[in-house]
Amino acid sequence: MPLSVLSLMLVVFGFTTGEFVIAGILPDVAADLSVSLPAAGLLVTAYALGMIVGGPVVTVLTARLARKPLVVGLIAVSLAGNLGSAVAPNYPVLLVARFVAGLVVATFFAVAIATAVSMAPADKQASTVAKVALGMNLGIILGTPIGTFIGHDFGWRATFAAVAALVGVALLLVLRFVPAQPAAATGPVLGELRVLARRDVQLAIGLTAVGNVGVVTVFSFITPLLTDVSGFGAEAVPVLLLVYGAGAVVGNFLGGWLADKALMPSLAGLLAALAGTLALCWLVGDLQAPAAVLTFVIGVLAFAIIPGMQTRVLAAAGSAPTLAVAVNAAGFQVAAAFAGWLGGQVIDSGLGLRSIYLVGALLTAAGLAVAGYLLRRDRVPAGHS
């Protein structure tokens, strides 16, 4: 892996760890700052809101900056947000620090992908996206448990300090190994917004949102699904989450390789497999052995679709990829927020916890329909309807 791509991947690892580790230390934060657990949970919302707001806004405002100074500046803002989290004297300051830390993530992810792809051969773009996105997988399966361990042993402030230190090291590597590149936009900044009016871009972003919301809904409730439906003990959940994470790493590289070979056909096939797997979970989720195996398979398929979806957005955006990818990342956060609400509605409706698998399968099938439409659209010659 080129050192430039490795440097960007390490930043993504730090950002993802900083996003998800709060879940492992939330009770410690609540107790130390004398706030309720639901109030502490708003720290997760603040980070997500930072990504949702910052995705389009920060990207538009920085579109004419050269990529390397922009990347360095974005990392510096996140570094400040994590340091601010480590030293926050009270809950309101911590809330603002989490918002600031999230504010630049979507833009960084977009610029990092565009930068990495620009350095890759034409037939290796999706696998290059997968290498950058590997930082997300590692942040979830390695960074989050390590950060939680640090928080439990040395205090929650030490967790954010460790994330800041990691991001600082990544910043030094970016300064050393990422080459200088021109700005993503050369014309008027507001002109970049025109990319969002393109039908192909809208469909690509729609594919990401619809294609992911089903599996994100399932993952949002993965712990009670494993304990209450499959009958695993609470002590087995961390192990099963590691199994899921291992599948995610495999899927990340598999999806990149498949997308390089045949972008839309592979995406359609993966979405079909994911919908079928979630439906199978609904049927046999109460059996522990199949549930454990299917947890790994879901991890593979959930992350195998990501490189291809990002590559589709890049291809559709043409000369203005950064804003499209940033909006795509922000849109994923909206989908994640919707997934949490939807799962709660399904449970409250009386359908039962197990039905979340079936709802996830149906939503993924809707994503498959979008992929099928795009596949047919690509095969229609220009000038024909």
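Where does Ser-34 lie? In this predicted model, Ser-34 is found in the loop between helix H2 (22-33) and H3.

- The phi angle of Ser-34 is near 60 degrees, which is a positive value in a residue other than glycine.
- Ser-34 counts as exposed because its relative accessibility is 68%, and the cut-off for exposed is over 50%.
- Ser-36 caps the N-terminal end of H3, with a side-chain oxygen 3.2 Å from the backbone nitrogen of Ala-39.

**Helix H3**
- H3 covers residues 37-61, 25 residues in total. From its first C-alpha to its last it reaches 36 Å, close to the 36 Å expected at 1.5 Å a residue.
- At Gly-54 the helix H3 bends by about 45 degrees, and Pro-56, a proline, follows within four residues.
- Buried residues of H3 include Ala-39, Leu-43, Tyr-47, Gly-50, Gly-54 and Val-58.
- In general, an α-helix has 3.6 residues a turn, so residues three or four places apart point the same way.

**Nonpolar cores**
- The largest nonpolar core has 51 residues, and Leu-8, Phe-15, Ile-75 and Phe-108 have the most contacts inside it.
- Helix H6 (residues 105-118) gives the most to this core, contributing ten residues.
- A second, separate core holds 43 residues, among them Ala-302, Ile-305, Leu-342 and Val-346.
- Apart from its neighbours within four places in sequence, Phe-15 is in contact with Tyr-47, Ile-75, Ser-78, Val-105, Phe-108 and Val-167. Of these, Tyr-47 is a buried residue of H3.

Methods
Residues are numbered from 1 along each chain as its sequence is written. This is a predicted model: local features need pLDDT of at least 70, side-chain atom pairs count only at pLDDT 80 or more; totals for chains, interfaces and linings use all residues. Side-chain values use heavy atoms; hydrogens and water are left out. Helices (H or I, at least four residues) and strands (E, at least two) are DSSP runs, numbered from the N terminus. The expected span of a helix is 1.5 Å times one less than its number of residues. The bend at a residue is the angle between axes fitted to the seven residues ending there and the seven starting there. Buried means under 20% relative accessible area, exposed over 50%, partly exposed in between (1.4 Å probe, protein chains only). A polar contact is a pair of N or O atoms within 3.5 Å; within protein, one must be able to donate a hydrogen and the other to accept it, and residues adjacent in sequence count only if both atoms are side-chain atoms. A nonpolar core is a set of buried Ala, Val, Leu, Ile, Met, Phe, Trp, Tyr and Cys residues joined through side-chain atoms within 4.5 Å. Contact means heavy atoms within 4.5 Å.
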